[in-house]
Amino acid sequence: MNIQLSASVSQALANGDPVVALESTIISHGFPRPRNLEVGKLLEATVRQHGAVPATIAVLDGVAHVGLEPDQLERLALEDGIEKCSARDLPLVSAAGGSGATTVAATCHLAAMAGVKVFATGGIGGVHRHAERTMDVSADLRQLATSPVVVISAGAKSILDLGLTLEVLETYGVPVVGLGCDEMPAFYTRTSGHFLTQRVDDIETLAKAVIAQQSLGLTGGMLVCNPIPQEAALDADEVEGWIQAALAKAEAQGIAGKALTPFLLGELVERSGGQTLGANIALAKNNAQVGARLAVELCK
Ligand code: PSU
Ligand code: MN
């Protein structure tokens, strides 16, 4: 078997109890060691505190795991050679017996296969700036259109073109809903200037929308935009400065493809003198909390 559920996830699903998927690229490629292990544990603890079972998803020695034991989470955070896996990388990493961290796309796919309906992350991948030239559009968007999973995010970093990202999500028929907000949040900031067409203000209404999506025969996922808590938000102009510098360096070094997003994330940490890390933890925790509350509501 190439996919394995942890004992706690398998039991929760069998009992109809709430489960929240968590991605692992945020751990392996999003945070420096050993902070990344603390973040992985914190997100799992947050999900538990709010009444759901966490299912961190990753590939270890060729097996796709939905739910990790503490020693497996530690391997993921601390081991060298953990590959960033989007959905298309899963077959090859699995066949080679390799280990990989799953992106939003790969996590959505594996969560859906296991029967997990809610997934909390930090930010999704999307349409990169100048995609009209590079055609760099994250597979996260296509997977959101395919896998029946609700993704709780703080929007997307403005290393991307958020306007074009919303256009592609519209084309793919993915519902995008602001949780208590009218604009697509830009990860570190609560606003972006890009307005959403749907908003909900409470988890009960969000859960009703998820159930309606299924009963209307709409087969894909949903993107929930949950802005970073006010007290953790960063200054938009300062963030834009770091992003411009990071993008210029990537262009100068010819960084493209799957290496681009991790490169830009690393540059932001460095250029902000680590300021981005605190914000990133705050928003990811906030999303884990919302994910758990939604999963609980959906089980009622
Ligand atoms: N954006 C972030 N943090 C992240 C990622 C994106 O702010 O950790 C990761 C997620 O795992 C996301 C992936 O699914 O990068 C997108 O990569 P790409 O653009 O190569 O599809
Ligand atoms: Mn890409």
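## Salt bridges

R199 and D201 pair up in a salt bridge, their closest N and O atoms sitting 2.8 Å apart; the term stands for a side-chain nitrogen of Lys or Arg within 4 Å of a carboxyl oxygen of Asp or Glu. This is a predicted model, so local features need pLDDT of at least 70 and side-chain atom pairs count only at pLDDT 80 or more, while totals for chains, interfaces and linings use all residues. Residues are numbered from 1 along each chain as its sequence is written, chains are lettered from A and ligands numbered from 1 in the order written, and side-chain values use heavy atoms, leaving out hydrogens and water.

How open are the two partners? R199 is partly exposed at 38% relative accessibility, whereas D201 is exposed at 52% (buried is under 20%, exposed over 50%, partly exposed in between, using a 1.4 Å probe and protein chains only). Another salt bridge joins E267 to K249, with 3.1 Å between the closest N and O atoms. The total is 12 salt bridges.

## Around ligand 1

Ligand 1 has 13 residues around it, and K84, S138, D140, K157 and T261 are the closest (a residue is near if one of its heavy atoms lies within 4 Å). That shell splits into three nonpolar, six polar and four charged residues.

Now for the polar contacts (N or O pairs within 3.5 Å). Oxygen atoms of ligand 1 lie 2.8 Å from a side-chain N or O of E23, 2.7 Å from a polar side-chain atom of S138 and 2.4 Å from a side-chain N or O of K157. On its own ligand 1 exposes 480 Å², and the protein buries 92% of that (Shrake-Rupley method, 1.4 Å probe).

Methods: A polar contact is a pair of N or O atoms within 3.5 Å; within protein, one must be able to donate a hydrogen and the other to accept it, and residues adjacent in sequence count only if both atoms are side-chain atoms. Ala, Val, Leu, Ile, Met, Phe, Trp, Tyr, Cys and Pro count as nonpolar, Asp, Glu, Lys and Arg as charged, and the others, Gly among them, as polar.
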